[in-house]
Amino acid sequence: MSDVFGEGFGSWSYDEVMRHEGSDLDVRVVVAEIPQDVKDELRYDQIPWGRFSHAGGPAVNVPEDLERITSPDEETAGRALKRLWDGVLHQGDTYPPAALAAPFLLRLALPSAAHYRADILELVGGAARREHYRDGTRTGLLQVDDDRLRILSSGYLERWAIRAVRIAVTADVSLLLELLNDADARVRSGACYVLATALDGTELISLALRRRLDVEDVPAARMSLILALAQLAREHHDGTTAELLRQWWSAPDRPVDWRVSAAIAWLCLVDDPVPEDLRTLLTTQITDELAEQLGGVPWMEGVDWDGGGLRRCVYLMLNPEVVWWAVHGDPWAEPSK
């Protein structure tokens, strides 16, 4: 079958697209109906890849890329993952094959399953949320859904693709919860990034995140746990988390990475003016070492993948008058208004 909505941007009108809602051309429906054994046994041949397109055309090459990601040769696996990423999460846009691949990718991120386990999780987590590169603002950092009508280059409605990835994530929450205790801190961070996009079961997820936070000793993984808690609270309108975050960032006995992470998360959940003690914390306690430690957290990489995400994020949150997409180079430079 050819590409769902024609062979180029705008091939179909919005009304024509919407007529396929709930049909076998709706990737949300297809993902929800993938049998459990197909996912668990990695039976790629049971998925209608050719029915949907990524940035490079029909997704018939995705099974081969998934197979090669499991190659014992690290270079081969890395090339396959990059090729898949470029196709299904192209320039931050989520294409429908990302959702079809998500159940398999989550299984490839399990211990001993593949190289690049943390990167695999970041791919799924990125596909499960709107494109937000460089948006480290209070309203943007933890925003998952995108209310804009965004049509992909293939003519597909992106929000269907994003929601389909989230459906896949929600179905496999139990796998992701296991990864919160993985030996690799980057995998733990990646699991947080994905779990934060789940559509339901959030009380169980939040409880697991809190339990892990009680024993976590790696700053980047701690930040991921805190931001995941805040993102779930934002998405599911949990008003209690903001008060907990305030207690954390204002507690001088907690590690500075914990306090900074909680401060950023708290700013995303409230509309309050920035308290002076929080401003002081964020402008005096972020050392080069801390910025490097937290720069690899998936949320911070989304703000600046060159390692400056933490400082850029803080700058934007403390300077709401700044046009976020106009800040380049040094994040502490003079604002662009």
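**Core and helix pairs**

I started with the largest nonpolar core, which has 105 residues. I noted the residues with the most contacts inside this core: L66, I69, L105, L141, I264, W299 and L310. I kept in mind that the model is predicted.

I picked I69 and set aside its neighbours within four places in sequence. I69 is then in contact with A77, A80, L81, L84, L105, L108, A114, H115 and I120. L105 is also on the list of residues with the most contacts in the core.

Next I looked up helix α14 (residues 256–269) and helix α18 (residues 309–318). They pack at an angle of about 40°, and their axes are 11 Å apart. That angle makes α14 oblique to α18. The crossing of α14 past α18 is left-handed. From α14, I listed V260, I264, L267 and C268; they meet L310, C313, V314 and M317 in α18. I sorted this contact by class and found eight nonpolar residues, no polar ones and no charged ones.

Then I turned to helix α11 (residues 202–215) and helix α12 (residues 219–235). Their angle is about 155°, with the axes 10 Å apart. The two are therefore roughly antiparallel to each other. This crossing is left-handed. In α11, I found T202, I205, S206, L209, R210, R212 and L213 meeting R222, L225, I226, A228, L229 and L232 of α12. By class, I noted eight nonpolar, two polar and three charged residues in this contact.

Key. Residues numbered from 1 in each chain as written. Predicted model: local features only at pLDDT ≥ 70, side-chain atom pairs only at ≥ 80, totals over all residues. Heavy atoms only, no water. Axes fitted to C-alpha atoms, helices over the stretch in contact; angles between N-to-C directions. Helix = DSSP H or I, 4+ residues; strand = E, 2+ residues; numbered from the N terminus. Parallel < 35°, antiparallel > 145°, perpendicular 65-115°, else oblique. Left-handed = near helix turned anticlockwise from the far one by under 90°. Contact = heavy atoms within 4.5 Å. Nonpolar A, V, L, I, M, F, W, Y, C, P; charged D, E, K, R; others polar. Core = buried A, V, L, I, M, F, W, Y, C linked by side-chain atoms within 4.5 Å. Buried < 20%, exposed > 50% of the residue type's maximum accessible area, 1.4 Å probe, protein only.
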